[in-house]
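Reader: I have just opened this model and would like to learn how to read it. Could you walk me through some of its features?

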There are 2 protein chains.
Amino acid sequence: MSSSVLLTDLYQLTMLQGYFEEGMAETAVFEFFVRKKPPERNFFIAAGLEPLLAYLESLQFSPEELAWLAETGRFSRGFIDDLSRLRFAGDVDAMPEGTVFFPNEPIVRVTAPLPQAQLIETRLINLLHLQILIASKAARSVLVAPGKLLIDFGLRRAHGAEAGLTAARASYLAGFAGSSNVLAEFDYGIPSYGTMAHSFIQAHEEETEAFLRFAHAQPDNVVLLIDTYDTEEGAAKVVSIAPRLKSEGIEIKGVRLDSGDLADHAKKVRRILDEGGLPGVKIWASGSLDEQVVRDLLGSGAPIDGFGIGSRLDTSADVPYLDCAYKLQEYAGRARRKRSEGKATWPGRKQVYRRSGPDGRIAEDLLTLESDPQEGEALLQPVMRAGRRLAPSPSLTESRRRAAAELARLPEPLRRLEEAPPYRVKISEGLQRLAAEVDARSG
Amino acid sequence: MSSSVLLTDLYQLTMLQGYFEEGMAETAVFEFFVRKKPPERNFFIAAGLEPLLAYLESLQFSPEELAWLAETGRFSRGFIDDLSRLRFAGDVDAMPEGTVFFPNEPIVRVTAPLPQAQLIETRLINLLHLQILIASKAARSVLVAPGKLLIDFGLRRAHGAEAGLTAARASYLAGFAGSSNVLAEFDYGIPSYGTMAHSFIQAHEEETEAFLRFAHAQPDNVVLLIDTYDTEEGAAKVVSIAPRLKSEGIEIKGVRLDSGDLADHAKKVRRILDEGGLPGVKIWASGSLDEQVVRDLLGSGAPIDGFGIGSRLDTSADVPYLDCAYKLQEYAGRARRKRSEGKATWPGRKQVYRRSGPDGRIAEDLLTLESDPQEGEALLQPVMRAGRRLAPSPSLTESRRRAAAELARLPEPLRRLEEAPPYRVKISEGLQRLAAEVDARSG
């Protein structure tokens, strides 16, 4: 997920030119948070910190980029020289990936000289937003399908290469078993899944022939797609070839259904397989799935063992973007606050404290100033100082374990797909006082 | 938009292993098309061909990727060797970028040895889908805001780096004036726009001071964001500093509103600017915009000159993915057809002919077999033969001109945001006959 430093909004550079001319480089504090919770989500999952830290560590303008910026005629020579020396040397405090969070809670706090903290805004949001979006969507499927194998199938309709890779990573973080995306295994070690498309069946003259040929070519990975012509006939063909394959030492692991009434087909196919002596053959479903459909299929008793979830996951189709922001909270030691209508923010350097109930489930958060410590678990932790990580980031497996533990601590109403009463996030008195002070001062 | 060949679904590779073992490498014909039209779109804009051709030209496995594939233990040595020699040496016929099209019409046809045509499926869809998605969304804003400057502001909430770049490219293709994305100017020459965020205002003690400092740092690019505290007060400050800046030779080009009731603020701000002797200062609007909001703002008489359209454009929020597919239509000289419930396709190598009415507007398309030429304009054109482009691709500017000409030829009902009666796409008798023949044969 490397990217050019030019992957940014022009206004970051024009503002930096302003700060350069004014010599404004004192310490700024920015925080990233989600402003509002759509009714389709009861919570969010923090994700994307590791790619963000990698971006910050590698941030610099190449000679070619600097030459081009100079050519545009938009910037002064002195400013371009200044950019050539720019690196990220700030501090980052953040919630670990996999942490459950709620609106207005900062996930990432950046403390750095103003130009550095400002320049990174666009890519920081671009990275965190999508990871959080997908992890939070995927977690809903994980919650409604305990014990089922969930696979990300959405690469083709993900919004570009990076979105496909991000969807694989974020859904795995949230508890999916893997992805169809081979690059996600190559880059991140995320298990990849897949066997055949309809075109494989169609390229052969006969469906049975296609099944046999595939089994011989991929004897350890025999999951047969049976809906190209007629799903139940496809299942019957699987039963008919199983003895021959077994005699060759090849086990049919599963069948996949990709169209029609999946619950009805799954029940009929399960019966055909069971009566054909294949009770161990798993049934996979795919095709226009999301957490609602998965829940309804399982609720109707459909004997489905695994789900390939595609476009609606990778595009977070019901909530394709979050109302999130990265806002200046303090500059040169003074708290700042945006007051634009409908977009006011809580000023100052903040911390989130979480308290659990006697049942071990999370019960209440408190949003407060960092300088005003409270009881409970402090969710923002120091991860980078002066541009260097304090410790190696947790592995994706470790973050995945954290997400699972966090989901296990969710109160029952938040686990449902329906909108729950909002989780309580209290605003500390100190923070409310500061907001009033800032309002009285600025304008 | 380069990407590893491993950015693909695992099933492409397991199918290729099957084809390799069977020696199946005869010519396959695949077509990419959109299956269904959502009610929120009356037409689509073809886009993404240039990135697709670049991908096909560069397609190959690196030694590192091959070594890794071997290590996974999933594939035979002979197959890996075969992959090491794999290049795309097929033919591509396609609608030029910027062409208007409708459901079931092939946009891109690939004719290549089966393994090559199959392997590229995932990335081909991934590239074309997003470009079409964004161009088709952006065209709606272009249609409702003639003469207005439209800028893509969505990078931060686009789904990753490539999505941000794609959104800039596809919206420019559809008629936007530019993007906030600096990399889109660096990579594609798309004009970039932008001046300041709220943080710039907040980092200063006084709003007026921030305006003046910015104007001095970026004297040729003075568009001031006036809603950080109070929009009308912000406008009054602009009026108050204009004479001083004018005396220094600095012209205020515009103001930007980013919150609140934009129509109401725009009217008040226009009056303040006009009465303050600044009738030439343009008003920009941004913040949660899309084509509906833009149309309503203009319909209400809001004096807005330009719009920055962000998240809803870059994520195509009302239609975050299209029901599109890349399907095998012919293998080894025989037409093929998928019959899965609700997903049946038209078989064979196809062509689309378009007929215009006496008013020059497009009137009717005919979907037919390539071997059955008809009257009208043939929309699919040869662009690649044996893996080489037949001619340099049109520049983005040329494609943008084509899109503008195509939009000008749209019949009135299709130009509206509301769902129009479907544009007529007739299926030729020859094609209907072939589909019946294929159905009678296979199964």
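Predicted model: local features only at pLDDT ≥ 70, side-chain atom pairs only at ≥ 80, totals over all residues.

Reader: Where is Arg41(A) placed in chain A?

Author: Arg41(A) sits in the loop between strand 1 (27-34) and strand 2 (44-45) of chain A. Helices (H or I, at least four residues) and strands (E, at least two) are DSSP runs, numbered from the N terminus. Residues are numbered from 1 along each chain as its sequence is written, chains are lettered from A and ligands numbered from 1 in the order in which they are written, and side-chain values use heavy atoms, with hydrogens and water left out.

Reader: Is Arg41(A) buried or exposed?

Author: Buried means under 20% relative accessible area, exposed over 50%, and partly exposed in between (1.4 Å probe, protein chains only). Arg41(A) has a relative accessible area of 2%, so it is buried.

Reader: What does Arg41(A) touch?

Author: Contact means heavy atoms within 4.5 Å. Not counting residues up to four places away in sequence, Arg41(A) touches Ser136(A), Lys137(A), Arg140(A), Glu291(A), Ser316(A), Asp318(A) and Val319(A). A polar contact is a pair of N or O atoms within 3.5 Å; within protein, one must be able to donate a hydrogen and the other to accept it, and residues adjacent in sequence count only if both atoms are side-chain atoms. The side chains of Arg41(A) and Asp318(A) are joined by a polar contact of 2.9 Å.

Reader: Let me try Asp258(A) with you. Which residues is Asp258(A) in contact with?

Author: Start with its place, the loop between strand 9 (254-257) and helix 12 (262-275) of chain A. With a relative accessible area of 11%, Asp258(A) is buried. Leaving aside neighbours within four places in sequence, Asp258(A) is in contact with His198(A), Leu225(A), Asp227(A), Ser286(A), Gly287(A), and also Lys338(B) and Lys343(B). Its side chain makes a polar contact with the side chain of Ser286(A) at 2.7 Å, and the side chain of Asp258(A) also reaches the backbone nitrogen of Gly287(A) at 3.4 Å.

Reader: How many residues does each chain bring to the contact between chain B and chain A?

Author: Chain B gives 104 residues and chain A gives 105 residues. The size of an interface is often given as the accessible area lost when the parts come together. Buried area is the accessible area (1.4 Å probe) that two parts lose on being put together, summed over both. Here chain B and chain A bury about 8,800 Å² between them, with 54% of it on carbon and sulfur atoms. Arg156(B), Arg157(B) and His159(B) supply 10% of the area that chain B buries against chain A, more than any other three residues.

Reader: Now a helix, please. How far apart are the end C-alpha atoms of helix 11 of chain B?

Author: The expected span of a helix is 1.5 Å times one less than its number of residues. Helix 11 (residues 231-247) of chain B has 17 residues and should therefore span 24 Å; its end C-alpha atoms are 25 Å apart, which agrees.

Reader: Where does helix 11 of chain B bend?

Author: The bend at a residue is the angle between axes fitted to the seven residues ending there and the seven starting there. Helix 11 of chain B bends by about 35° at Ile241(B), and a proline, Pro243(B), follows within four residues.

Reader: Which residues of helix 11 of chain B are buried?

Author: An α-helix has 3.6 residues a turn, so residues three or four places apart point the same way. In helix 11 of chain B the buried residues include Ala235(B), Val238(B), Val239(B) and Ala242(B). Their cover includes helix 10 (207-217), strand 8 (223-225), strand 9 (254-257) and helix 12 (262-275) of chain B. At the start of the helix, a side-chain oxygen of Asp230(B) reaches to within 3.2 Å of the backbone nitrogen of Glu232(B). Just after helix 11 of chain B, Gly249(B) takes a positive phi of about 80°.

Reader: What is phi of Asn104(B)?

Author: Phi of Asn104(B) is near 75°, a positive value in a residue other than glycine. Asn104(B) lies in the loop between strand 4 (100-101) and strand 5 (108-113) of chain B, and at 29% relative accessibility it counts as partly exposed.
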